[in-house]
Amino acid sequence: MPKKTKKNSAGTPATTALTAAGTDFTVHSYEHDPAAPSYGEEAAQALGVAPERVFKTLVASVDDRLTVAIVPVSATLDLKALASAVGGKRATMADPAVAERTTGYVRGGISPLGQRKRLPTALDASADGHETICVSAGRRGLEVELSPKDLASLTNAVVAPIARA
């Protein structure tokens with residue numbers, strides 16, 4: 001289990017929420033390359049972590065209700081599976097500007113934690129196969145590592161198979 005890390009320089013709403021909850025976590029930072037084609041794959045490579053353990057936070061609209069999906073960067077979001085997991089019928093990707101405005105984070109730095117407005121959340125079931133996973137800490141170039149169980153608990157996430165290879 002990672003040790004709780006409190007770094008003032010990493011003080012984002014996500015790390016603040018983790019600290020306030022008393023959750024064990026580790027903050028990892030790396031130099032973000034604005035030309036990187038994939039934020040998640042860049043994070044995995046920069047941190048030397050398997051892409052299956054680095055999860056991206058996506059915002060979708062399920063039956064016109066914004067919903068957060070957390071899936072490995074090595075996979076893609078299955079919109080039908082997401083809709084089913086949260087009791088909806090149809091899902092589409094949310095407009096990036098709406099996702100940024102609603103979560104309070106910028107694209108490529110959207111964290112499932114500490115969002116401006118708490119949204120229904122689904123975490124891909126593959127997360128349970130890892131002791132810890134990494135998700136955005138709320139800034140490009142900043143990841144937080146924590147247990148999938150803690151992430152699911154803190155976000156009230158439904159854990160379901162919502163990703164496909």
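**Entry 1**

I looked up Thr26 and found Glu145 of S8 opposite Thr26. I note here that this is a predicted model. I then listed the bridges between the two strands: S1 and S8, the latter at residues 142-146, form four bridges in the antiparallel sense.

**Entry 1: S3 and its partners**

I turned to strand S3, residues 65-72, and checked how covered the strand is. Seven of the eight residues of S3 are buried, so I wrote the strand down as mostly covered. Next I asked which strands pair with S3. S2 pairs with S3 in the antiparallel sense, over eight bridges. One bridge I looked up joins Phe55 to Pro72 in S3. S2 and S3 form a hairpin with two residues between the strands, and Asp63 there has a positive phi near 50°. Strand S6 (residues 121-124) also pairs with S3, in the parallel sense and over three bridges. For Ile70, the bridge partner in S6 is Leu123. As a reminder to myself, sheet strands pair through backbone hydrogen bonds, and the pairing is either parallel or antiparallel.

**Entry 2: the largest pocket**

I looked for open space next. The largest pocket has a volume of about 550 Å³. Its lining has 26 residues, and those closest to the centre are Tyr39, Thr57, Leu58, Arg107 and Gly108. Which element gives the most to this lining? S2 does, with five residues. Helix H2 (39-47), strand S2 (55-62) and helix H4 (96-103) each contribute at least two residues to the lining of the largest pocket. I sorted the lining of the largest pocket by class and got 15 nonpolar, six polar and five charged residues.

**Entry 3: the second largest pocket**

I recorded a volume of about 160 Å³ for the second largest pocket. The pocket is lined by 14 residues, and Pro112, Leu113, Gly114, Arg118 and Leu154 are the closest to its centre. Helix H1 (13-21) and helix H5 (148-155) are the elements that give two or more residues to the lining of the second largest pocket. H1 has the largest share of that lining, three residues. The classes in the lining of the second largest pocket are eight nonpolar, four polar and two charged.

**Entry 4: Ala157**

I looked up Ala157, which sits in the loop between H5 and strand S9 (158-160). Is Ala157 buried or exposed? Ala157 counts as buried because its relative accessible area is 16%, and the cut-off for buried is under 20%. I also checked Ala157 against Pro112. The two are 45 residues apart along the chain, and their C-alpha atoms are separated by 9.7 Å. Pro112 was already in my notes, as one of the residues closest to the centre of the second largest pocket.

**Entry 5: the UniProt record**

Last, I checked the record. An unreviewed UniProt entry places the feature "domain: YbaK/aminoacyl-tRNA synthetase-associated" at residues 36-153. I looked up the span in the model: the end C-alpha atoms of residues 36-153 lie 32 Å apart. By content, the span is 25% helix and 31% strand.

Technical notes. Residues numbered from 1 in each chain as written. Predicted model: local features only at pLDDT ≥ 70, side-chain atom pairs only at ≥ 80, totals over all residues. Heavy atoms only, no water. UniProt positions renumbered as here; feature names shortened; annotations may be inferred. Pairing = 2+ DSSP bridges. 1 Å grid on protein atoms, 1.4 Å probe; cavity = no way out; pocket = protein on both sides within 12 Å on 5 of 7 lines; lining within 4 Å. Points joined across faces, edges and corners; volume = space filled by probe spheres on them. Nonpolar A, V, L, I, M, F, W, Y, C, P; charged D, E, K, R; others polar. Buried < 20%, exposed > 50% of the residue type's maximum accessible area, 1.4 Å probe, protein only.
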